[in-house]
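Hi everyone, thanks for making time.

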Amino acid sequence: MQRKFDPKVFQLGYVALGTADLERTRAHYVETLGLTETARDSDGSAYLSIGFNHHEIVLRPTLDQSLPILGFQLKPHVTIAEFAREAQEFGLSATIKSDSQPGISELVEVEGPGGNVLQFYSQIETPAPGFPNGGAPLLRLGHVAVITAEADKLVQFYQDFLGFWYTDDIGGIARFLTCNRDHHVVNIVGAPFSRVHHIAFELKGTPDHITAADALRAAGIDQLWGPARHTAGHNIAGYHYDPNRVMVEFYTEMDVFIPELGIQEPRPWHEQSPMKPQSWPMQQMNAWGAEFGFNLATA
Ligand SMILES: [Fe+2]
């Protein structure tokens, strides 16, 4: 575990995805998953809320499924100007933007290693459209996994500049990092290409995996894998593809990381006690022993 300083951010706020068929993708997130559209940009981008914040998902009309733009919320004591200056001192391109997207009046956009664009903001509007009764019982946006050809540099950026903690890896290929008590907020997968791997929503509770799976089935969408318990992170996770073939994870019971102790909060299902950050074998992603149905690097 590396811990030189506290993270500059405290949560992943939103993920912006490019999609060639925006209306079909929007219908998945709104009608099947239950998010609410809060705004449309002049370029057609749709802003979707889980229930409180202005947006957790942004769908942008693009021709290809490019790398996502990730939005992180800065800790209260970190100002936009100070953050931008520190990013530039770290050797990164950092641009302060005003009113560049609905719901956020000011942000700083940073181009990280491997062409990964990240946006950092202090405040987001909270129109609170409410949590719907239908759809999948989403609680919040939890994490995102990206595939990148610049994995070492990107991990270094998250750890050495943003102050994230390493919490686990799978076969040295997928590395888990966090800026709060979630086992991971980002998962960086090293491969010779670059794109989003999956985005993950926490569900209200573990029984809600059934409700979510039924909602997907009613929409004609198959599960790719799970729900089952992972080893790294120990979350009960189920995966499906959105219409744009971006993998979406629903999870519950994810490990709670204690930065002060460098361990995961003890759980009855842990293989070790205490549960410390470690490298897990690629063949053992399912704690229950069933075959993992997709290739981590190519799915
Ligand atoms: Fe995940």
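So, a question to start: leaving aside its neighbours within four places in sequence, which residues is Y158 in contact with? Keep in mind that this is a predicted model. The list for Y158 runs L70, F72, L118, G163, F164, L177, V186 and I188.

Now, helix 2, which covers residues 80–89. Buried there are I80, F83, A84 and A87. Looking down the helix 2 axis, those buried residues fall within an arc of 100°, so they line one face of the helix. What do they pack against? Strands 5, 6, 7 and 8, plus helix 3 (151–161). And just after helix 2 you'll find G91 with a positive phi of about 95°.

Last stop, the iron ion. Its protein donors are H143 through NE2, H198 through NE2 and E249 through OE, at 1.9 to 2.1 Å. Along the sequence, the spacing reads H-x54-H-x50-E. H143 sits in strand 9 and E249 in strand 16, 106 residues apart, so that pair links distant parts of the chain. As for burial, H143 counts as buried because its relative accessibility is 0%, and E249 is buried too, at 1% relative accessible area.

Okay, over to you for comments.

Conventions. Residues numbered from 1 in each chain as written. Predicted model: local features only at pLDDT ≥ 70, side-chain atom pairs only at ≥ 80, totals over all residues. Heavy atoms only, no water. Buried < 20%, exposed > 50% of the residue type's maximum accessible area, 1.4 Å probe, protein only. Helix = DSSP H or I, 4+ residues; strand = E, 2+ residues; numbered from the N terminus. Arc of directions from axis to C-beta. Contact = heavy atoms within 4.5 Å. Donors = N, O, S within 2.8 Å, 3.2 Å for Na, K, Ca; no water.
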